Amino acid sequence: MKIYIDGEMYDKDDAKISVFDHGVLYGDGIFEGIRAYNGRIFRLDDHLKRLQDSANSILLKLPMSIKEIEKAVVETVRQNGLRDAYIRLVVTRGVGDLGLDMRKCKKGSTLFIIADKIELYPEEFYEKGLTLVTSTIRQKGLDQVTPSVKSLNYLANIMARAEATAAGAQEAILLNSTGHVSECSGDNIFFIKDGKIFTPPTSAGILVGITRQVVMELCEKKLGVKVIERNFPRYDLYAADEVFLTGTGAEVIAAVKIDGRIIGKGVAGPTTRELVKHFREYANSAASGTAVYEAVKTK
């Protein structure tokens, strides 16, 4: 495995950053989780735009232009000979001292890129679905570091996922300060009721997911249904015909049991299965993103 760090490729065992890096000391940085399908990097332009927006929000200067970062991502995938991959792009504040003052990070930000394989859930879960529980941890408020920033500080998400694991579930739902559903620990959430599809709005305190946006486009183009963004309580999930999650790792996957309540028929519903099919077709198409290799073969 080759890992990109600040313009150089390193073998996995030799890939290191300083213990004084503020990303290590304070979670001071941002990241993007990106997929590659069939030799194309999925919606790379959208991921890099979100990276830039996150950087601007936390006063972080990227170490190179977006175009140069794009080339670095492509080259990392190419160097590892991957056609289907998970890519982790990380930018930290860089090396500083033990204090909080970002001005002490005089060398500038650190950028590293990892490209590897991933299977977040075994294939059978896409038919039988996931079990969810509601976390006791509330989503960060919009008056704090907004969840729209894909920050390295993921402790709340990690602890929410730990609660899910302890309860025998695969994912956790986070409510916001008003008690409305915001998102899951690592995914956006949708529900279907009477042929209508709903998802929380950005004002609910969510990460504006790239896969979320693609699925909303597919709902309109392939199903003829425009997704409704509105606030809703857990009750609407319990009473839903179908619930599904979206995310870079999970892609599109059903949730069939929430807080002990069976959703629908207790397996992935017909609309969710159709969206899984449409998403996978799109992800493997030439329209899905940036080519890694000159000749991209279709499956």
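This briefing walks through the sheet, the other strands, a helix pair, the cysteines and a few loop residues.

The model is predicted, so local features need pLDDT of at least 70, side-chain atom pairs count only at pLDDT 80 or more, and totals for chains, interfaces and linings use all residues. Residues are numbered from 1 along each chain as its sequence is written, and side-chain values use heavy atoms, with hydrogens and water left out. Helices (H or I, at least four residues) and strands (E, at least two) are DSSP runs, numbered from the N terminus.

**The seven-stranded sheet**

- Seven strands make an open, antiparallel sheet, and their order is β2-β1-β6-β5-β3-β4-β16. Two strands count as paired if DSSP finds at least two bridges between them.
- At the edges sit β2 (8–11) and β16 (289–291), each pairing on one side only.
- From one strand to the next, the twist averages 25°. Angles here run from 0 to 180 degrees between N-to-C directions, and axes are lines fitted to C-alpha atoms, for helices over the stretch in contact.
- Within this sheet, β3 (residues 29–37) and β4 (residues 40–42) are joined by two bridges in the antiparallel sense. Ala36 stands opposite Ile41 in β4.
- Helix α2 (residues 44–57) packs on the sheet and touches β3, β4, β5 (85–92) and β16, with its direction at about 175° to that of β3.
- Helix α3 (residues 66–79) packs on the sheet too, touching β1 (2–5), β2, β4, β5, β6 (110–116) and β16, and its direction makes about 35° with that of β6.

**Ile113, a residue inside the sheet**

- Ile113 belongs to strand β6, and its relative accessible area of 0% makes it buried. The cut-offs are under 20% for buried, over 50% for exposed and partly exposed in between (1.4 Å probe, protein chains only).
- Which residues does Ile113 contact, leaving aside its neighbours within four places in sequence? They are Ile3, Tyr4, Ala72, Val73, Thr76, Ile87, Arg88 and Leu89, where contact means heavy atoms within 4.5 Å.
- Arg93 is 20 residues from Ile113 along the chain, and their C-alpha atoms are 15 Å apart.

- Strand β8 (residues 171–175) has five of its five residues buried, so the rest of the structure largely encloses it. Glu171, Ile173 and Leu175 point one way from β8, while Ala172 and Leu174 point the other way, and all are buried.
- β8 is joined to β7 (residues 130–134) by three bridges, and the two run parallel. Leu132 is the residue opposite Glu171 in β8.
- Strand β10 (residues 188–193) is mostly covered too, with five of its six residues buried.
- β10 runs antiparallel to β13 (residues 242–247), with five bridges between them. Asn188 faces Thr246 in β13.
- With β11 (residues 196–199), β10 pairs in the antiparallel sense over three bridges. Ile192 has Ile197 in β11 as its bridge partner.
- β10 and β11 form a hairpin with two residues between them, and Asp194 in the turn has a positive phi of about 55°.

**The α6/α8 helix pair**

- Helix α6 (residues 210–222) and helix α8 (residues 270–283) pack with their axes 10 Å apart, at an angle of about 110°.
- That makes α6 and α8 roughly perpendicular. The classes are under 35 degrees for roughly parallel, over 145 for roughly antiparallel, 65 to 115 for roughly perpendicular, and oblique for the rest.
- From α6, Thr211, Val214, Val215, Leu218, Cys219 and Lys222 meet Leu275, His278, Phe279 and Tyr282 of α8.
- By type, this contact has seven nonpolar residues, two polar and one charged. Ala, Val, Leu, Ile, Met, Phe, Trp, Tyr, Cys and Pro count as nonpolar, Asp, Glu, Lys and Arg as charged, and the others, Gly among them, as polar.

**Cysteines**

- How many disulfides does the structure hold? It has zero, taking a disulfide as a pair of cysteine sulfur atoms within 2.5 Å.
- Cys219 is in no disulfide, and its nearest cysteine sulfur, that of Cys184, is 16 Å away. Cys219 is buried at 0% relative accessibility.
- Cys105 is also buried, at a relative accessible area of 9%.

**Positive phi in loops**

- Leu59 is in the loop between α2 and α3. Its phi is near 60°, a positive value in a residue other than glycine, and Leu59 is exposed, with a relative accessible area of 64%.
- Asp259 lies in the loop between β14 (251–258) and β15 (261–262). Phi of Asp259 is positive as well, near 50°.
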